[in-house]
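I am opening the notebook on this structure and will record what I looked up, entry by entry.

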Amino acid sequence: MADLNVNIGHLHLKNPVMTASGTFGYGLEFADFVPLEELGGIIVKGTTLEPREGNDYPRMVETHQGMLNCVGLQNKGVDYFIDHIYPEIRDINTNMIVNVSGNSPESYAETAAKLNELDAIPAIEVNISCPNVKEGGMSFGVTCSGASTIVKAVRQSYHKTIIVKLSPNVTDIANIARACEDEGADSVSLINTLMGMAIDIERRCSKLSIRTGGLSGPAIKPVAVRMVNDVARAVKIPVIGLGGISTAEDAIEFLMAGATAIQIGTANFIDPQVTIKVRDGINSWLDKHGCKSVTEIINCLE
């Protein structure tokens, strides 16, 4: 069996397979299907300073090789998370990471400061790129200055590992990744969903309540692999790759492109055991190819 251990800055992962925010709940929802402690990390659903109702229905629609969503960061707020969710997940023996969103540098920083006090939360993923809310998030992730402003504010209030989730809906994602690195990000994760739209031709309207949403699933994987490779060439901090991963072969592409770890999202809806299958598949591939450690294939392209 190959060594699957990887490090994201000071954050140690027992293997490179993580879950993507918004697709795995708080982890507890999948406990009957997956041994949670065997995952490298779990990114829990997006958390904001104040409760959010999310967008109106319909807010999900299936597409060819993927899905569109405009859930809109529905959650009960960080204080509810601390009081009610955290006690239920704090003893899960893996990296429990909170995805943080906001509508201003101050709201990001205040949410991060509250999470900084939780001993069993070793890292946060700062979402500067959510394309499916009516305000906030997206505006910060599409410019270097916007990204810098958020990361700088969070860095001042959060003293553990910061992962910044990047938007693909930009002209040069590598420059934005460098801006995050310059302000103290420990890692970047990419890609978030691509902006998309689906139309009901009988009703002559969008299939989603707010017209557009985020496209995820296998359809976006080639774009994600390319962007991961672009960013891995541009920064020195670890890169976490996501976007359409549903098999071990998919994950290995991301690792070879330069990702130190990967996240699985939409595929969890299709197969709730996909994360463990991908982990085992990576190990089998490494054994078959005579690799003693997964680090041998990270960023290995010629």
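Before the first entry I note the term it rests on: a nonpolar core is a set of buried Ala, Val, Leu, Ile, Met, Phe, Trp, Tyr and Cys residues joined through side-chain atoms within 4.5 Å. I also keep in mind that this is a predicted model.

**Entry 1, the core.** I looked up the largest nonpolar core, which has 98 residues, and found that Phe 81, Ile 124, Ile 128, Leu 166, Leu 190 and Ile 282 are the members that touch the most others. The largest share of this core, 7 residues, is supplied by helix H6, which runs over residues 221-234. I then listed the contacts of Ile 124 beyond four places in sequence, and they include Ile 97, Val 98, Val 100, Ala 112, Leu 115 and Val 154. Tyr 158, Thr 161, Ile 162 and Ile 163 are also among the residues that Ile 124 touches.

At the start of H5, the backbone nitrogen of Ala 174 has a side-chain oxygen of Asp 172 within 3.2 Å, and just after the helix Gly 184 adopts a positive phi of about 110 degrees.

I turned to Glu 125 in strand S8 (residues 123-127). What does this side chain have around it, given that Glu 125 is buried yet has no salt bridge? The nearest side chain of opposite charge belongs to Lys 165 and is 4.3 Å away, whereas a salt bridge needs the nitrogen and the carboxyl oxygen within 4 Å. Instead I found a polar contact of 2.8 Å between the side chains of Glu 125 and Asn 99, and another of 3.0 Å between those of Glu 125 and Gln 263. Beyond four places in sequence, the contacts of Glu 125 also include Ser 21, Ile 43, Ile 163 and Ser 189.

I went on to Ser 21, which sits in the loop between S3 and S4 and counts as buried at 15% relative accessibility. Its side chain reaches the backbone nitrogen of Gly 46 at 3.3 Å. Asn 99, Glu 125 and Gln 263 are among the residues that Ser 21 touches, and I note that Asn 99 and Gln 263 are also in contact with Glu 125.

I counted 9 salt bridges. One of them joins the side chains of Arg 279 and Glu 38 at 2.8 Å, N to O. Arg 279 lies in helix H9 (residues 274-288) and Glu 38 in the loop between strand S3 (17-19) and strand S4 (41-47), so this pair ties together parts 241 residues apart in sequence. Arg 279 is buried at 15% relative accessibility, while Glu 38 is partly exposed at 28%. I also recorded the salt bridge of Lys 277 with Asp 271 at 2.8 Å, in which Lys 277 is partly exposed with a relative accessible area of 47%. Salt bridges with shared partners join Glu 38, Arg 279 and Asp 280 into one network.

Most residues other than glycine have a negative phi, and most peptide bonds are trans, so I looked for exceptions. The bond from Tyr 57 to Pro 58 is cis, with omega near 0 degrees, and Pro 58 lies in the loop between S4 and strand S5 (60-63). The bond from Leu 190 to Ile 191 is also cis, with omega near 10 degrees. Leu 73 has a positive phi near 60 degrees and is buried at 16% relative accessible area, whereas Arg 204, with a positive phi of about 55 degrees, is exposed at 76%.

Notes:
Residues are numbered from 1 along each chain as its sequence is written. This is a predicted model: local features need pLDDT of at least 70, side-chain atom pairs count only at pLDDT 80 or more; totals for chains, interfaces and linings use all residues. Side-chain values use heavy atoms; hydrogens and water are left out. Buried means under 20% relative accessible area, exposed over 50%, partly exposed in between (1.4 Å probe, protein chains only). Helices (H or I, at least four residues) and strands (E, at least two) are DSSP runs, numbered from the N terminus. Contact means heavy atoms within 4.5 Å. Lys and Arg count as positive and Asp and Glu as negative; His and the chain ends are not counted. A polar contact is a pair of N or O atoms within 3.5 Å; within protein, one must be able to donate a hydrogen and the other to accept it, and residues adjacent in sequence count only if both atoms are side-chain atoms.
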